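Thanks, everyone, for making the time this morning.

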Amino acid sequence: MLEEKLIEDFVESTLQSSRDPTTYGDFRLAHIVALHLILRGQTDNDLGQYSITDLTKSTGMAMPNVTRMLNDLQMANLIIRHRDGRHVYITVTEEGKELYENGREEIKVYVKEFIHELNEAGLSDDELNNFLQTSIKIQGVREKLNKKYKEQGKKS
């Protein structure tokens with residue numbers, strides 16, 4: 001049986017990390033995530049286009065927040081917006097792709113340092129592997145539950 005205190009500590013940790021303003025280079029993690037979603041969305045879409053509406057749906061963020069983030073990315077020449085009728089599409093520039101790749105590499109360095117610190121704290125390689133596998137599974141469950149709750153919200 002899990003201890004209630006452990007559950008409470010996990011909730012607090014999750015809430016704290018969701019507000020983490022960590023930056024990688026000049027941009028927050030949220031910007032790197034947005035570039036990732038746009039690039040993935042362009043790849044998944046037969047037309048190679050990704051709209052602001054698509055980004056809003058995939059992030060669950062409110063339109064004003066997405067717009068603000070896109071304004072930051074556009075001012076830094078990381079994305080281009082173009083209109084086709086009523087739809088506004090987003091394209092990641094070469095600079096944006098480079099920042100995204102650099103950001104991914106910096107995040108990898110951070111994760112490796114994090115794992116090293118866990119190892120220094122006494123976790124074995126097997127425990128670290130289990131931790132990473134469990135973390136990946138947890139993220140999958142979170143995505144599944146987030147999707148479920150979004151769908152329930154639309155029905156209400």
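Let me begin with a definition: a salt bridge here is a side-chain nitrogen of Lys or Arg within 4 Å of a carboxyl oxygen of Asp or Glu. With that criterion, a search of the whole structure finds two salt bridges. Before I come to them, please keep in mind that this is a predicted model, in which local features need pLDDT of at least 70 and side-chain atom pairs count only at pLDDT 80 or more, while totals for chains, interfaces and linings use all residues. Residues are numbered from 1 along each chain as its sequence is written, and side-chain values use heavy atoms, with hydrogens and water left out.

The loop residue is threonine 93, which sits between strand 5 (87-92) and helix 5 (94-120); helices (H or I, at least four residues) and strands (E, at least two) are DSSP runs, numbered from the N terminus. Is threonine 93 buried or exposed? With a relative accessible area of 15%, threonine 93 is buried, where buried means under 20%, exposed over 50% and partly exposed in between, using a 1.4 Å probe and protein chains only. Apart from neighbours within four places in sequence, threonine 93 is in contact, meaning heavy atoms within 4.5 Å, with Asn77, Leu78, Ile79 and Ile80.

Now to the charged pairs. Lysine 97 is partly exposed at 32% relative accessibility, whereas glutamate 94, at 59%, counts as exposed. The side chains of lysine 108 and glutamate 105 also meet in a salt bridge, at 3.4 Å from N to O, and they are separated by about one helical turn because they are three residues apart in helix 5. Lysine 108 is partly exposed at 40%, and glutamate 105 is partly exposed at 42%.

Finally, the surface. Tyr110, Val111, Phe114, Phe131 and Leu132 form a nonpolar patch with about 410 Å² of accessible area together, the areas coming from the Shrake-Rupley method with a 1.4 Å probe, where for residues only the protein chains shown count as cover. Patches are made of residues with over 30% relative accessible area and no salt bridge, like charges being joined within 9 Å and nonpolar side chains (Val, Leu, Ile, Met, Phe, Trp, Tyr) within 5 Å. Helix 5 gives the largest share, three residues, and helix 6 (125-155) supplies at least two.
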